[in-house]
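Hi,

Here is the structure I promised to pass on to you. Have a look at it first, and then read my notes below.

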Amino acid sequence: MDNDDDTSIIPMLDEDTTPNHNHNRLHTSPDQFDIEGYASLYTGRTKIVRLMFIADRCEATRAEALRMAYEEIMKGEDTVLYREIVGKIGGGEGREGREWVEGVERKVEVRKEKLEIELNAYRFCKSSGENLRGGQSGGGGFGEEYSMTNLIKESIRMGYNDFGEFYYAHGLLGDAFKSFIRARDYCTTAKHIIHMCLNAILVSIEMGQFTHVANYVAKAETTSEALEPVTAAKLKCAAGLANLETKKYKLAARKFLDVGPELGNNYSENKVIGNVNFRNFLELVPEMRELVNDFYSSRYASCLGYLEKLKANLLLDIHLYDHVETLYNDIRHKALIQYTIPFVSVELHMMANAFKTDVAGLEKELEALITNDQIQARIDSHNKILYARHADQRNTTFQRVLQTGGEFDRDVRAMLLRANILKHEYNHRQLRKP
């Protein structure tokens, strides 16, 4: 095949013909984000989708991300994603691209026809099973019929799985999901159900249908006796993603912390900083290690500084990007709350210095936290002092004791009154008919 100018779309990436995609675009420099190292962590469709996401959000690495996505897509047969990539690059497919698409579509038709023939044959065998087993008799007939039925059901299940993998490989996620779900009626063991759930979870994550993810995680976890450690870890990761997407951050964190070493997580025995294995794991990520240590050591300015350094990269994560601002605000608010807890009064100038911010901005943040009842305090705006409204524990205890004593006295008096009424037969009796 000749490599004329119109045979490949890759050269167009270096030209100024790419469309303007500035929605939520970042402007990080290439030395801040190692796109090659990042892409090497993933394979297949996941790698392509993440590269396309980075291309949409990072101007500095757009050309490189699209080039890598294009090269990766050409290794498979997903014409749907291919056309998306070409649309982002602009300039048309080129002759090589058109020939590749036509060749893939021809193979797709042949493969699809073959799968349909095989599946229809198995379904026909199931529907006409009695005729195929006609004439069998004897004591062993029932066992042979049962084995034959299971064999046919297994073949149909595998046929639907093959269809699901076929549709998934070609970017038809809706059809892939339907095929994987249809295999459910032909599952004969717990492992088959788990396999079906994992397939449904994978496609649901790709489609962004996290309600389905949560449902099939729960279904798979009901067969816990058949769960292998790696499978259990995958389900916890999927549950964590589902909780993250629904903004249940605490539940998501717990699920991610529950992931065992099977998927590279060595910090599930205890919470974060108290776990020796987690500290060893943090040695691989120095910024995160310092961040966590600073937070637990109340060095909040340093902690928030490390977070800011990580923010640009986190905004390029396909699952985290939509939650980064919320999580950063929650972390900052938690730091502000923890800073004020030990003190009866705090000078805002000193607190602002600890958080490397200005007093006016800090005062607004504290006002919002006080309004939302996250900090029990009041602000002296003239002297710039925060006064905590700590409850008087001694007075509260006395009040609670008095209240409990009053309730006890009332209950005892009511019991004595009832006992005397019954003793002297003053209780109401139904009038008897003469």
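This is a predicted model: local features need pLDDT of at least 70, side-chain atom pairs count only at pLDDT 80 or more; totals for chains, interfaces and linings use all residues.

**What turned up**

Leu416 sits in helix H19, which covers residues 393–423. Its relative accessible area is 52%, and since exposed means over 50%, Leu416 counts as exposed.

For a contrasting spot, turn to helix H9 (residues 190–207), where you will find His192. The relative accessibility of His192 is 14%; the cut-off for buried is under 20%, so His192 counts as buried. Setting aside neighbours within four places in sequence, His192 is in contact with Glu154, Arg157 and Cys187.

Most residues other than glycine have a negative phi. Ser298, although not a glycine, has a positive phi of about 65 degrees. You can find Ser298 in the loop that links helix H14 (286–296) and helix H15 (300–314). With a relative accessibility of 45%, Ser298 is partly exposed.

The other one is Lys356, again not a glycine, with a positive phi of about 55 degrees. Lys356 lies in the loop between helix H17 (348–354) and helix H18 (359–371). Is Lys356 buried or exposed? At 67% relative accessibility, Lys356 counts as exposed.

Happy browsing, and do write back with any questions.

Best wishes

Notes
Residues are numbered from 1 along each chain as its sequence is written. Side-chain values use heavy atoms; hydrogens and water are left out. Helices (H or I, at least four residues) and strands (E, at least two) are DSSP runs, numbered from the N terminus. Buried means under 20% relative accessible area, exposed over 50%, partly exposed in between (1.4 Å probe, protein chains only). Contact means heavy atoms within 4.5 Å.
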